[in-house]
Amino acid sequence: MIERSTDCNNSKIYEFSDIVDFTDYAEAIPDNYYAKKSKEDDWAGGTFKDALTQARTGNPELVKQLFDGVNVIEAMIDEEKVGEIRDVTGEYFDVADYLSGEPEVFRRDEYGERKPVVPVYASFAMQSSISNKTIRNRGCAIVALCDELSRSGFIVDLNLVQASRYEGKKYFTKIHVGIDPLDLDTVAFIVANPLCQRRLWLAAFERYTDDSYPWGHGSPIEYDLAEIFDTGLSGFYFVSGTHNLFKSSNFRTLNSAKDHVLKMVEQFKEKAEQVILG
């Protein structure tokens, strides 16, 4: 873990090399701290022990749920394709054509000039009132976008950041994930599994502040990307639940989450050199 202080805006940034680094840090809190002793298993998605196990070994059932039916987001790369070759062998399986009975059910795409790196920023911050279902559907949308971009030949520069405030100071948590190839199991756990925020992140925040129950530690805050990223910004930004653009209705169902992502993609097609908020 790397801790950085930015005195200009009175904040601290904690960067973790991977999910194991983050989990090890969170696990070290005392047994009497809220994140570890809380009995609110339904709200948190499970126990503290469940969170440790799933962070380290994954949750195949959750990943399967996320990927059931989410690979429909092909529209995001339509303008990048200069041709599509249909054959009985190829790079990926076309489910719709298979069900329709067409024999040439594999496809491989040829790409024209395209931007090789697409940044995706995602706050994994959801306030306590947000349902677990909404968290999972939102995570599904993020994972589906990253997966489709990655499988379509883009390099996904994924940045997962949480922010909160304690006694006038901002605390940022950034967890690095593998991007070549994209570590989708880890992404799914961080953005779609309530255990990450409602057990592990609460534990990390309690350790940051050395407080067993810091006031407001379940309430995320919104932040400007420029506060922690110093490069030119473009791509997609999935905002936190406290942002004025966040609407739970966009993630009420899996289909509404997909529709929301597709709207973001359409904006990206119109002008790639901007940050698309959603």
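A salt bridge is a side-chain nitrogen of Lys or Arg within 4 Å of a carboxyl oxygen of Asp or Glu. Hold on to that, everyone.

First, the ground rules. This is a predicted model, where local features need pLDDT of at least 70, side-chain atom pairs count only at pLDDT 80 or more, and totals for chains, interfaces and linings use all residues. Residues are numbered from 1 along each chain as its sequence is written, and side-chain values use heavy atoms, with hydrogens and water left out.

Now the overview. The chain has 10 helices and 10 strands. Both kinds are DSSP runs, numbered from the N terminus: helices are H or I with at least four residues, strands are E with at least two. The chain has 278 residues, and 50% of them count as buried. Buried means under 20% relative accessible area, exposed means over 50%, and partly exposed is in between, with a 1.4 Å probe and protein chains only. Next, contacts, meaning heavy atoms within 4.5 Å. Take those with a separation of 6 or more: residues 24 or more positions apart account for 72% of them.

Back to salt bridges. Side chains of opposite charge can pair when their charged atoms come close. How many salt bridges does a search of the whole structure find? Four.

Asp24 pairs with Arg56, and their closest N and O atoms are 2.7 Å apart. Asp24 sits in helix 1 (residues 19-27) and Arg56 in helix 4 (residues 48-57), so this pair ties together parts that are 32 residues apart in sequence. Asp24 is partly exposed at 40% relative accessibility. Arg56 is partly exposed too, at 36%.

Another bridge joins Asp31 and Lys36, at 3.4 Å from N to O. Asp31 is exposed at 61%, while Lys36 is partly exposed at 22%.

Then there is Arg199 with Asp41, where the closest N and O atoms are 2.8 Å apart. Arg199 belongs to helix 9 and Asp41 to helix 3 (residues 41-44), so the pair links parts that are 158 residues apart in sequence. Is Arg199 buried or exposed? Buried, with a relative accessible area of 1%. Asp41 is partly exposed, at 30%. One more point: salt bridges with shared partners join Asp24, Glu27 and Arg56 into one network.

Let's stay with helix 4. Its buried residues are Phe48, Ala51, Leu52, Gln54 and Ala55. What covers them? The cover includes helix 1, helix 2 (34-37), helix 8 and helix 9. After helix 4 comes Gly58, with a positive phi near 90 degrees.

Next, helix 8 (residues 184-192) and helix 9 (residues 194-209). Their axes come within 4 Å and cross at roughly 70 degrees. That makes helix 8 roughly perpendicular to helix 9. The axes are lines fitted to C-alpha atoms, for helices over the stretch in contact, and angles run from 0 to 180 degrees between N-to-C directions. Under 35 degrees counts as roughly parallel, over 145 as roughly antiparallel, 65 to 115 as roughly perpendicular, and the rest as oblique.

Which residues meet there? Phe189, Ile190 and Ala192 from helix 8 touch Pro194, Leu195, Cys196 and Leu200 from helix 9.

Last, the cysteines. The structure holds zero disulfides, a disulfide being a pair of cysteine sulfur atoms within 2.5 Å. Cys146 is buried at 0% relative accessibility. Cys196 is buried at 0% as well.
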